[in-house]
Amino acid sequence: MLTSTNLGRRSFALWYPALMGRIDRNGQAALRRDQLATARGRVLEIGAGSGLSVPHYPSGIDELVLVEPNHAFHPSLRIAADSLPFPTSVVDVDAHELPFTDSSFDTVTASLVFCSVDDPERMLAEIHRVLRPGGRFLFHEHVRGGRVRGIVQDLCTPLQRRLADGCRPNRDFEASLATSALQVVSITHRRMPTLIPTLVPLVVGTAERGPVERIDRADDPGLRSALAEPAR
Ligand SMILES: C[S@@+](CC[C@H](N)C(=O)[O-])C[C@H]1O[C@@H](n2cnc3c(N)ncnc32)[C@H](O)[C@@H]1O
């Protein structure tokens, strides 16, 4: 059935690859290469779109699983994936509920995805769940800027959301990451090479599912009373 959501997704898939392809040629491609340089083992990319990140994976990874719920992107995504020297698959699922077992990936990646998802916290929890302990989440996301740019992004968000398949340019991805169970290893602030002002501020980095989970001492009554007991 042709709903307004389907129509919006199809039209996004028509114009997005050309726009982002131009930005990639202006420097964004190098940033994708940097982001993905440490990918290893079994890798999951969420929201893979038309596959602009796909050529930038290192050749030594074991397997790449590409999650993309917009069917209109699948033909170009499959073409991009078919040229890789390791096994690949395209999976049509919503990353809020990943159909993979716990600890089944060494690396999870996302590029410019969290602006358009409904529940960033839930998606980060899913990423944490499917990563093995010590596994890494490699991200590159456009985010809310400071001062005047942030206000411009706030004002443009309703329109951009309608035109660009749900994209909210004022998303505070760093705040969502900070409250997740993932541990930030590195994060750098970059600029997207584009004249579209709402897209410029970027964060690129790595977060990890810790080898040993963090214990929130305040939430653990046993640990709290043990810590409260005076040392003998
Ligand atoms: C702006 S595009 C980015 C595409 C690609 N990662 C890139 O860097 O060019 C955002 C992508 O996130 C996908 N997406 C949105 N919500 C999603 C969800 N709940 N689960 C998985 N992917 C989602 C969209 O279908 C779209 O392909």
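## Exercises on a predicted model

Helix α4 bends by about 50° at Thr-157, with a proline, Pro-158, following within four residues. The model you are exploring is predicted. Let's work through it together.

**Exercise 1.** Find helix α4 and work out how its span compares with the expected one.

*Solution.* Start with the limits: α4 covers residues 147-163, which is 17 residues. Next, take the span from the first C-alpha to the last, which is 24 Å. At 1.5 Å a residue, the expected value is 24 Å, and the helix comes close to that. Finally, step just past the end of α4, where Asp-165 takes a positive phi of about 50°.

**Exercise 2.** Describe the order of helices and strands along the protein chain.

*Solution.* Begin by counting: there are six helices and seven strands. Then walk along the sequence, and you get α-β-β-α-β-β-α-β-α-α-β-β-α.

**Exercise 3.** Explore the largest nonpolar core and the contacts of Val-108.

*Solution.* First, note that 35% of the 232 residues in the chain are buried. The largest nonpolar core holds 47 residues, and Leu-44, Val-108 and Phe-137 have the most contacts inside it. Now focus on Val-108: setting aside neighbours within four places in sequence, its contacts are Leu-44, Ile-46, Ile-127, Val-130, Leu-131 and Phe-137. In soluble globular proteins, nonpolar side chains tend to be buried together.

**Exercise 4.** Which residues come nearest to the ligand, and how does the shell around it divide?

*Solution.* Of the 20 residues around the ligand, the nearest are Gly-47, Gly-49, Asn-70, Ala-95 and Ser-111. Sorting the shell gives 11 nonpolar, seven polar and two charged residues.

Conventions: Residues are numbered from 1 along each chain as its sequence is written. This is a predicted model: local features need pLDDT of at least 70, side-chain atom pairs count only at pLDDT 80 or more; totals for chains, interfaces and linings use all residues. Helices (H or I, at least four residues) and strands (E, at least two) are DSSP runs, numbered from the N terminus. A residue is buried if 20 or more other C-beta atoms lie within 10 Å of its own, exposed if 12 or fewer, and partly exposed in between; C-beta atoms are placed from the backbone. A residue is near a molecule or strand if its C-beta atom, placed from the backbone, lies within 6 Å of it. Ala, Val, Leu, Ile, Met, Phe, Trp, Tyr, Cys and Pro count as nonpolar, Asp, Glu, Lys and Arg as charged, and the others, Gly among them, as polar. A nonpolar core is a set of buried Ala, Val, Leu, Ile, Met, Phe, Trp, Tyr and Cys residues joined through C-beta atoms within 7 Å. Two residues are in contact if their C-beta atoms, placed from the backbone, lie within 7 Å. The expected span of a helix is 1.5 Å times one less than its number of residues. The bend at a residue is the angle between axes fitted to the seven residues ending there and the seven starting there.
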